[in-house]
Amino acid sequence: MLITRKPELTIADVTPKSVYFNRRELLRAMGIAGVALAGGKILSNLAFPGKTAFAAAKLDPLVKSPFSTTEKQNSYDDVTHYNNFYEFGTDKRDPAKNSQHFRTSPWTISVEGEVAKPHKFTMDEILKLAPLEERIYRHRCVEAWSIVVPWIGFSFNTLAKIVQPTAKAQYVALQSYYDLGQMPESKYAGIDFPYVEGLRLDEAMHPLAMLCVGMYGETLPNQDGAPVRIILPWKYGFKSIKSIVKIRFQEKQPPSTWNRLASNEYGFYSNVNPTVDHPRWSQASERRLGEIFRRKTLMFNGYGDQVASLYNGMDLKKNY
């Protein structure tokens, strides 16, 4: 197994670091930290009755990726407490607060459409598809802020090659999980659910397009798209759809949530392009979380050498 944990545990059973250390401090204050280490689960339940454990299982082994940037990474706290995940609220702090009891196990991803071998993948199957890589990617959001994150996963094309897209497959449609019972804050989001996104097939097959199962050496926290999401570092963040349950290869261009809602603001391609302003703000500069001063936005978020050829001959202002 690629996840280092007791065989009887699932991802949903493992306590995150923040909860573990907070409990340990409380138990130490009670004068029973040593006993807690011997019989930890009983005392943890006493300290936090009814607390649901989730996420933060260690991911191992990891392959260092040649795609990684050498830029300074953002802190784990930055990346887990400043999120866009409208299913759990529209404020950046809402997802961390409202997604704690989101159930991510068991989980399946249906891969269907124009493929020779459609399949419903379990998370265990996903984790066995390829060696896990740590890829330190720049991540640019359309609201003009950015982060640098050590994501964990492998190229999306690994999965695609297994299901074997047919000659008719020109696009990839992606769909997030949605359950109003688990996501009551979504009623106030102002967008349609389930969240959907789409890519051209050649974009999805590019090695930079990453099927992501973790970050910072651990599985994804709920607010960051657990248990599996896609990362497209040359596109604005809303293209990197979270909590994926369906992948469909198809002949026609699929809808995408924000493009369908406001096509004048959010294009289908959504490549990071500092020369194309959002109607309500400039995209020429950005603010890295944790920094005071703004920096110049890079074309394709700095990944132009790798992906610019995908768009040869296209008007990138018209096809934004």
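1. Of the 320 residues in the chain, 52% are buried. The model under review is predicted. Its accessible surface amounts to about 14900 Å², and carbon and sulfur atoms account for 54% of that area.

2. The chain contains ten helices and 15 strands. Where contacts link residues at least 6 apart in sequence, 73% of them connect residues at least 24 apart.

3. The largest nonpolar core comprises 75 residues. Those with the most contacts inside this core are I126, W151, F156, W234, I247 and F249. Strand 7, residues 145-155, is the element that gives the most to the core, contributing six residues. As a general point, nonpolar side chains tend to be buried together in soluble globular proteins.

4. With neighbours within four places in sequence set aside, I126 is in contact with I109, F121, F154, L159, L211 and V213.

5. Five strands form an open sheet in the order 5-4-13-8-9, and their pairing is mixed.

6. The pairing at one end of the strand order can be followed in more detail. Strand 8, residues 171-176, pairs with strand 9 in the antiparallel sense, over five bridges. Within this pair, V172 stands opposite L199 of strand 9. In general, the strands of a sheet pair through backbone hydrogen bonds, either parallel or antiparallel.

7. One runs from S105 to P106, with omega near 0 degrees; P106 lies in the loop between helix 5 (94-98) and strand 4. Another joins F193 and P194, where omega is about 0 degrees. P194 is found in the loop between strand 8 and strand 9, the two strands that pair in the antiparallel sense. Most peptide bonds are trans, and most residues other than glycine have a negative phi.

8. Backbone phi angles also call for comment. Y216, in the loop between strand 10 (210-215) and strand 11 (218-219), has a positive phi near 50 degrees although it is not a glycine. Y216 counts as buried because its relative accessibility is 18%, under the 20% limit for that class. S270 likewise has a positive phi, of about 55 degrees, and is not a glycine. S270 is placed in the loop between helix 9 and strand 14 (285-288), and its relative accessibility of 3% is the reason it counts as buried.

9. Which residues does L261 touch, leaving out those up to four places away in sequence? They are G190 and I191. L261 lies in helix 9, residues 257-261, and D192 is 69 residues from L261 in sequence but 8.2 Å from it in space, C-alpha to C-alpha. L261 counts as partly exposed because its relative accessibility is 46%, between the 20% and 50% limits.

Key: Residues numbered from 1 in each chain as written. Predicted model: local features only at pLDDT ≥ 70, side-chain atom pairs only at ≥ 80, totals over all residues. Heavy atoms only, no water. Core = buried A, V, L, I, M, F, W, Y, C linked by side-chain atoms within 4.5 Å. Buried < 20%, exposed > 50% of the residue type's maximum accessible area, 1.4 Å probe, protein only. Helix = DSSP H or I, 4+ residues; strand = E, 2+ residues; numbered from the N terminus. Contact = heavy atoms within 4.5 Å. Pairing = 2+ DSSP bridges. Areas by Shrake-Rupley, 256 points an atom, 1.4 Å probe, with all protein chains shown as cover.
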